[in-house]
Amino acid sequence: MKKGRTNINNELFLSLLEKGEKCAFETLFRLYYTKLVQIAKGYLVYQQEAESIVQNVFLKIWENKESLGEVSNINNYLYTMTKNLCLDQLKHEKVKRKYIDNSYRLKSEIQYKFIHDEAASLLLENELEGKIIRSIELLPEKCKNIFKKSRLEGLKHSEIASQMGISHKTVDNHIAAALRHMRFHLREFISISQ
Amino acid sequence: MLDQKVYKYLRGTATSKEEKEVQDWIVSSDQNSKRFFEIKAEYVAATMDDTHVDIDPSYHGIVNDNNSTSRNSRRIPITILKSAAILAILVGLGFIFRDTILDSHTVPIIPGDAIILQLENGNIEVISEGGAAKVLDSEGNVLGAQQGSQLVYKNNGTSKEELIYNTLTVPYGKRFDLLLSDGTQVTLNSGTSLKYPVQFLKRKNRQVFLDGEAFFSVAKDSVNPFIVNTNQLNVRVLGTKFNLSSYPEDQVVNTTLLEGSVSIYNEQDTYDSSNASLLEPGFKAEWNKYNRQILVEEADIAMHTDWLNGKIILRHVPFKNIVKKLERHYNVKIVNNNPKLDEELFTASFDIETIDQVFKTFNHTYEMDYIINDRKIIIN
């Protein structure tokens, strides 16, 4: 990737996750949660399960954070995990519903085929990554740089200050402004705290 | 026609009969399944930006944040809001109905927020939502009929020599569907009017005139091109899906293509592949009315078509351009006395929010001094 472009598979970011940095985990969660819920809704027959499935995805990541070092593509990892848990859910439902609900059968048959359709999977996975990158890229230049340094690269405010050659106070102000901005620009970020 | 049912199926608004129909279609062949999966994947991709989910409680549930205060979700189920909206519309219609009855001895007054159909002879009819209006020609033959929120024109195969036009006008705060006699599906956005022939002529271009914004799903006909004429610009297609936004108050005319291909050329020119810009799916053409230049670039499809689902999506849009969108969507008047605010960029998406909630959200980012007084909002 070109320098300056947002890269969600940034090694630093992955290592922060591995170390169990809450801040990095929260960033990951806020970037991905609602989007994965929408994907899960697309895969399930009973959409109300979507949120609990995606919560399980993040729970698993948090519990197995030590193994995140082996992950090279976090977008693919999150997407595949969501898909697999949805498939488990479909199988589970199938056993439960087999003999009772006729209209369920056709629906679940279609959903099974959909979850296994490679073209659709590829499109969804790529769209997901594109949207995540775009949502960061859409921030104004200053906010974006500070956000990336502070959230994706895990730099301290003082480190950002010396790197950018500005005072500590200015960094604080920029971050406050960036967060205020993001609160609205990316509703997912609503309660990122400093 | 089926496409529309598929979207209803995906949105979960299909009746059980339609649902069965779509499902049977999907499983009837591999080709159909493939097609459906493609549409579905695109649909899911487009919904990824929806942020209905309240994520804070879920997040704190996972990491057990001790310092997080448990907050009660104030989210109101969408269905309740929808019912409330329907009720509000019904109550509103009730008043209009009562007023019309009471005033029936006087000249009928057309309410400013009515959907209006103007016939060839200049007569005006009010289309009430959920009504069953019929469109007749001068001899009393039925040309079209209203089916719910859609006006459907029949192709009765007459060999008329002359084009007869109707004009449908949708006011601020409303949207309406139209099915033209050739099978072309048009959805009109708020504050839009479309002039179209009640019957297209054989061996003649299919031409309509747009003022505002509409989504076209044009019936395929490789012999007779479909041309939308708008604001110095012609958009020519054979059979495709695209969104065309051309409000007189906007500086640019945007054509966003979803499927097929379209050509865009100056209204004064006759079509020729050398003087037209050809657009590929996923791209948009932005025609600047002032410098008369066309800019073709990759488009964010959701941003240009989400109005079809009653949403407003803003990505890096200056406030001055948002004002008009909000006015149209919510049928309000906004007066901005703060010129600095005009150039501020905002990114947001709204759907079920009321105009009060929208302004509260704006206020979070950019403190503005505003007063909402019924349908008028003043920013100082």
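How many helices and how many strands does the secondary structure of chain A come to? I looked this up before anything else, bearing in mind that I am working with a predicted model, and I found 9 helices and 0 strands in chain A.

**Entry: the two chains**

Reading chain A from the N terminus, I noted the run of elements as α-α-α-α-α-α-α-α-α. Of the 194 residues of chain A, 50% count as buried, and residues 24 or more positions apart supply 66% of its contacts with a separation of 6 or more.

I then turned to chain B, where I counted 9 helices and 23 strands. Here 44% of the 380 residues count as buried, and 49% of the contacts with a separation of 6 or more are between residues 24 or more positions apart.

**Entry: A:D117**

Which residues does A:D117 contact once its neighbours within four places in sequence are left aside? I placed A:D117 in the loop of chain A that runs between α5 (102-115) and α6 (118-137), and listed its contacts under that condition as B:K34 and B:F37. I also checked its accessibility: A:D117 counts as buried because its relative accessibility is 7%, and the cut-off for buried is under 20%.

**Entry: cavities**

I searched the whole structure for cavities of 30 Å³ or more and found 2. For the second largest cavity I recorded about 40 Å³ of space, with a lining made up of A:L44, A:V45, A:Y46, A:Q89, A:L90, A:E93 and A:Y104. Helix α4 (residues 74-97) of chain A gives the largest share of this lining, with 3 residues. By residue class, I divided the lining into 5 nonpolar, 1 polar and 1 charged.

I followed the pairing next. Strand β5 (residues 150-153) of chain B pairs with β7(B) in the parallel sense over 3 bridges, whereas β7(B) and strand β8 (residues 185-188) of chain B run antiparallel and are joined by 4 bridges.

**Entry: B:T256**

I located B:T256 in strand β14 (residues 252-259) of chain B. B:T256 is classed as buried because its relative accessible area is 0%, against a cut-off of under 20%. Not counting residues up to four places away in sequence, I listed what B:T256 touches as B:K241, B:F242, B:N243, B:F283, B:K284, B:A299, B:I301 and B:H304.

**Entry: a three-stranded sheet in chain B**

What is the strand order of the open sheet of 3 strands in chain B? I read it as β20-β23-β22, with mixed pairing.

Strand β23 (residues 376-379) and β22(B) run antiparallel, joined by 4 bridges, and within β23(B) B:I378 stands opposite B:I371. Helix α9 (residues 355-365) of chain B packs on the sheet, where I found it touching β20, β22 and β23, with its direction at about 180 degrees to that of β22(B). Helix α7 (residues 319-330) of chain B lies across β20 and β23, and I put its angle to β20(B) at about 160 degrees.

**Entry: two positive phi values**

B:N331 has a positive phi of about 50 degrees although it is not a glycine; I found B:N331 in the loop between α7 and β20 of chain B, partly exposed at a relative accessible area of 26%. B:D374, likewise not a glycine, has a positive phi of about 55 degrees. B:D374 lies in the loop between β22 and β23 of chain B, and I class B:D374 as exposed because its relative accessible area is 67%, the cut-off being over 50%.

How values were computed
Residues are numbered from 1 along each chain as its sequence is written. Chains are lettered from A and ligands numbered from 1 in the order in which they are written. This is a predicted model: local features need pLDDT of at least 70, side-chain atom pairs count only at pLDDT 80 or more; totals for chains, interfaces and linings use all residues. Side-chain values use heavy atoms; hydrogens and water are left out. On a 1 Å grid over the protein atoms alone, a cavity is a set of points where a 1.4 Å probe fits but cannot get out, and a pocket is an open set with protein on both sides within 12 Å along at least five of seven lines; lining residues have an atom within 4 Å of a point. Grid points are joined across faces, edges and corners, and a volume is the space filled by probe spheres set on the points. Ala, Val, Leu, Ile, Met, Phe, Trp, Tyr, Cys and Pro count as nonpolar, Asp, Glu, Lys and Arg as charged, and the others, Gly among them, as polar. Two strands pair if DSSP finds at least two bridges between them. Contact means heavy atoms within 4.5 Å. Axes are lines fitted to C-alpha atoms, for helices over the stretch in contact, and angles run from 0 to 180 degrees between N-to-C directions. Buried means under 20% relative accessible area, exposed over 50%, partly exposed in between (1.4 Å probe, protein chains only).
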